[in-house]
Each structure stands twice: as C-alpha cells, then as structure tokens.
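Happy to walk through this one with you. Let's take the labels one by one and ask what stands behind each of them.

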Amino acid sequence: MQKLDDDTIQTLIAAATDVMKNAHVPYSNFRVGAAMLMDNGDVITGCNIENASFGGTICAERSAIAAAVSSGRRDIRAICVTNTTDTRITPCGICRQVIYEFGQEIPVICTNNQGDYDIFTIDALLPNAFVL
Ligand SMILES: O=c1ccn([C@H]2C[C@H](O)[C@@H](CO)O2)c(=O)[nH]1
Ligand SMILES: [Zn+2]
C-alpha cells in the first residue's frame, strides 16, 4: 500500500468530519462523512443522503465519488470515512464495489469520532471483487 503521511491523513479526517454537517439523515440520524484525496491534491467530500424510500439512500462514500466523477476527476489516491460514534466504520458492500471500480489499491481510512483510524486497501475489504 502506498504510504500516506500523517498530515494527509489528518487533512482527510478533518474534511470528512466537516462534511458530516451536511448529511441528510432524518431516518437514521447516523451521519457519515467521506473525503477523498485526488491525484492533483484536491480533497473531494461527500455525505450520506437518506430517502423516504430507504433503498434510495446514498452513502457518503458514493456521494463523494459521484461528485468527483461528475467534475471529471477519477484519480482517487485515498478515501477516508468517518462518523459520529466511537466505531471505526468500514464502507458497506455496495460502496466497496464502487470504490474498487476506481482502483484496487485505494487505501480506505476508517475513522471514529476520536480520530482513531484503521487503513485497509479496498482489495483487502473486497476480496475477489466482481469485475467485467
Ligand atoms: O459506510 C457507510 C455506512 C452507512 N452509511 C449511511 C447510510 C445510511 O444513511 C446510514 C445508516 O446505514 O449510514 C454510509 O454513508 N456509509
Ligand atoms: Zn455504502
């Protein structure tokens, strides 16, 4: 896995934490924030967006990826995901598949409300991923 320096990790945690304020979570009240480091150094964020039709909910990770790809950027160097609890959450199965689409070596920084984190490659989180 490519080494991520601690400054970069802290920047991503801060951005993921900040974007949680925008989460639309009237059903679960569970805020999630994602922040991605792009190849050019930009940080692109996303929050979860819930829907009355629960299956229409978009996770923070896919929200960030949709924002990046829609603006023509798809070189994801790392993705950080955080939440407001003391659990270091990992991306759901759908998000793992979507992250994998943009690179099997992408580091996923999984953090909690204390700033504790674990880092896994997406390949480790989604072994034997589906590919076309
Ligand atoms: O990695 C995750 C896991 C869950 N959620 C969201 C979806 C839903 O709004 C809420 C509860 O599942 O958390 C994310 O955004 N990312
Ligand atoms: Zn998800």
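Q: Which helix does Glu 61 lie in?
A: Glu 61 lies in helix 2. Please keep in mind that this is a predicted model.

Q: Why is Glu 61 called buried?
A: Its relative accessible area is 5%. Buried means under 20%, so Glu 61 with its 5% counts as buried.

Q: What makes Glu 61 stand out in the UniProt record?
A: The unreviewed UniProt entry lists Glu 61 for "active site". Such annotations may be inferred rather than shown by experiment.

Q: How do you know that Glu 61 makes a polar contact with ligand 1?
A: A polar side-chain atom of Glu 61 is 2.7 Å from an oxygen atom of ligand 1. A polar contact is a pair of N or O atoms within 3.5 Å, so the 2.7 Å pair qualifies.

Q: Which distances put Asn 48 and Glu 50 in polar contact with ligand 1?
A: For Asn 48, a polar side-chain atom lies 2.9 Å from an oxygen atom of the ligand. For Glu 50, the corresponding value is 2.5 Å. Both values are within 3.5 Å, so each pair is a polar contact. As for cover, ligand 1 taken alone exposes 370 Å², and the protein buries 77% of that.

Q: What makes up the shell around ligand 1, by class?
A: There are six nonpolar, four polar and two charged residues. Among the residues around this ligand are Phe 30, Val 32, Thr 57, Cys 59 and Pro 91. Glu 50 and Glu 61 are also in the list, and Glu counts as charged.

Q: Why can the pair Cys 59 and Cys 92 be said to tie together parts 33 residues apart in sequence?
A: Cys 59 sits in the loop between strand 2 (43-47) and helix 2 (60-70), while Cys 92 is in the loop between strand 3 (76-83) and helix 3 (93-100), so the pair links parts that are 33 residues apart in sequence.

Q: Why is Cys 92 called partly exposed?
A: Cys 92 has a relative accessible area of 32%. Buried is under 20% and exposed is over 50%, so 32% falls in between.

Q: How do you know whether Ser 63 is buried or exposed?
A: Ser 63, placed in helix 2, has a relative accessible area of 14%. That is under 20%, so Ser 63 is buried. Its side chain reaches the backbone oxygen of Cys 47 at 3.1 Å.

Q: What makes the phi of Asn 29 worth a remark?
A: Asn 29 has a positive phi of about 55° although it is not a glycine. This residue is found in the loop between helix 1 (6-19) and strand 1 (32-38). Its relative accessible area is 59%, which is over 50%, so Asn 29 is exposed.

Q: Why does Asn 128 count as exposed?
A: The relative accessibility of Asn 128 is 80%, over the 50% cut-off, so exposed is the word for it. Asn 128 is in the segment after helix 4 (122-125), and its phi is a positive value near 55°.

Methods:
Residues are numbered from 1 along each chain as its sequence is written. Chains are lettered from A and ligands numbered from 1 in the order in which they are written. This is a predicted model: local features need pLDDT of at least 70, side-chain atom pairs count only at pLDDT 80 or more; totals for chains, interfaces and linings use all residues. Side-chain values use heavy atoms; hydrogens and water are left out. A residue is near a molecule or strand if one of its heavy atoms lies within 4 Å of it. A polar contact is a pair of N or O atoms within 3.5 Å; within protein, one must be able to donate a hydrogen and the other to accept it, and residues adjacent in sequence count only if both atoms are side-chain atoms. Accessible areas come from the Shrake-Rupley method with a 1.4 Å probe; for residues, only the protein chains shown count as cover. Helices (H or I, at least four residues) and strands (E, at least two) are DSSP runs, numbered from the N terminus. Buried means under 20% relative accessible area, exposed over 50%, partly exposed in between (1.4 Å probe, protein chains only).
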